[in-house]
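Dear colleague,

Here is the structure I promised to pass on to you. Please open it beside this message, and read the notes below with the chain in view.

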Amino acid sequence: MIKHYELAIIGAGPIGLIAAKIASDQNYQTLIIESRPHVGGQVTELYPKKEVEDLIGLPVILGEQYIELLMNDLTFNDHLELALNTEVTNLESNDTGVVIKTSNGDYTADNVIVATGLGVYKPRPLGVENEDKYQEILYALKDYDFLANKKVLVMGGGDSAIDWAKMVFYVSDDVSLIHRRKEFRGDLSTIENVKTIKIFTPYIPLQILTTAGHLSGLRVENVETKEQLDLPADYILVNYGNIPRGDTFGLEKHRLGIKVDENFLAAPHIYVAGDVASYEGKKKRIIPGMEELDSIFASLKKN
Ligand SMILES: Cc1cc2nc3c(=O)[nH]c(=O)nc-3n(C[C@H](O)[C@H](O)[C@H](O)COP(=O)(O)OP(=O)(O)OC[C@H]3O[C@@H](n4cnc5c(N)ncnc54)[C@H](O)[C@@H]3O)c2cc1C
């Protein structure tokens, strides 16, 4: 028999976990469905040892500590269930609710909150020849200690790249941040006073440099002047974002996410929050995702 819930939350990243907390406080019988064997989404996968910025009201905290805090707030029982290793493949909404198709069978729910973030994704590569041959080129950082006193190049211009440069600076005084534009998308003011982080703009990567077969640096080129520089490196951290597979469960796509209306609805009974919710002015950060949830739970109460 298909099991029915008042609310199903798809994805157990930070937004799914926060949705679960609100749902359990408001007494919804809830199921969280997560495709991976663990919770935490991007925070667990991509930056468990980085500080999470912008969390109003919380002291500076590492990614893994933040997820632990969110999990400590949840009690799993008959009223709040978590299905790990279960990938949602399709959602069908009708007048009364939603049929949820998963890799482990079907569920139904009165309402669904989709919080699948990046969904299934792979990191955007550096784009230079043979980059897949070097273990010293990394796209996610589970830890920083191994970078102690190493020469590190951080590639990218978003907040996450800037955050990485700042975190690596705590263990190494040879950190460079390299971005292809003069302007950074992220907030550079957070490292403005950190004089030891060298910044190179507007530079693009050209070629991996090796010594005796081992990675020893990166040749970069100034996009405007075409000047080339050989930057020594022990590690290259690539933060060019991710390429999502773009699953939208049959819902309308918008940019790299799911199109929502002003109530964060994508279809009857299907709400969308967090990184996957797409609308004009969207900010892919935790606090904006929480604000979307506030609005979704207010709508659920009214209906
Ligand atoms: C390097 C880096 C640093 C960052 N630093 C900060 C920061 O300091 N402060 C900040 O506010 N934000 C930061 N962000 C952004 C922040 O992590 C995201 O905004 C946040 O993770 C979005 O949460 P989410 O729950 O919407 O999605 P995600 O974290 O992507 O979680 C989605 C979950 O859904 C699951 N899922 C996906 N598809 C399916 C499916 N089909 N079925 C079931 N489950 C599925 C995934 O496995 C995942 O667990 C950073 C991002 C990166 C990459």
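Strand β11 (residues 152-155) and strand β12 (residues 175-178) run parallel and are joined by 4 bridges; strands here are DSSP runs of E with at least two residues, helices are runs of H or I with at least four, and both are numbered from the N terminus. Within this pair, Met 155 stands opposite Ile 178 in β12.

Before going further, please keep in mind that this is a predicted model, in which local features need pLDDT of at least 70 and side-chain atom pairs count only at pLDDT 80 or more, while totals for chains, interfaces and linings use all residues. Residues are numbered from 1 along each chain as its sequence is written.

The sheets

The two strands above belong to an open sheet of 5 strands in the order β10-β17-β11-β12-β13, with parallel pairing, where two strands are said to pair if DSSP finds at least two bridges between them. Because β10 (137-138) and β13 (197-200) each have a single partner strand, they stand at the edges and one side of each is left without a neighbour in the sheet. Another open sheet has 3 strands in the order β19-β20-β23, and its pairing is mixed; its edge strands, β19 (253-254) and β23 (277-278), each pair on one side only. β19 is joined by 2 bridges to strand β20 (residues 257-259), and these two run antiparallel, with Gly 257 in β20 as the bridge partner of His 254.

The domains and the core

The domain assignment, which is automatic or taken from a database, gives domain 1 (3-121 + 243-302) and domain 2 (125-238). Their centres, taken over C-alpha atoms, are separated by 32 Å. The contact between them takes 8 residues from domain 1 and 8 residues from domain 2, two residues being in contact if their C-beta atoms, placed from the backbone, lie within 7 Å.

The largest nonpolar core has 81 residues, of which Ala 8, Val 112, Val 154, Ala 165 and Ala 273 touch the most other members. Such a core is a set of buried Ala, Val, Leu, Ile, Met, Phe, Trp, Tyr and Cys residues joined through C-beta atoms within 7 Å, and a residue is buried if 20 or more other C-beta atoms lie within 10 Å of its own, exposed if 12 or fewer, and partly exposed in between. Leaving out residues up to four places away in sequence, Ala 165 touches Val 154, Val 175, Leu 177, Ile 191 and Ile 197.

Two single residues

Ile 67, in helix α3 (residues 63-72), is buried because 23 other C-beta atoms lie within 10 Å. Apart from its neighbours within four places in sequence, Ile 67 is in contact with Val 39, Gly 40, Val 43 and Thr 44. His 214, in strand β15 (residues 214-222), counts as exposed because it has 9 C-beta neighbours inside 10 Å.

The ligand

Around the ligand there are 37 residues, of which Gly 11, Gly 13, Gly 41, Gly 117 and Gly 274 come nearest; a residue is near a molecule if its C-beta atom, placed from the backbone, lies within 6 Å of it. The elements giving two or more residues to this shell are α1 (14-25), α2 (41-46), α4 (159-169) and α5 (286-302), and α2 gives the most, with 4 residues.

With best regards
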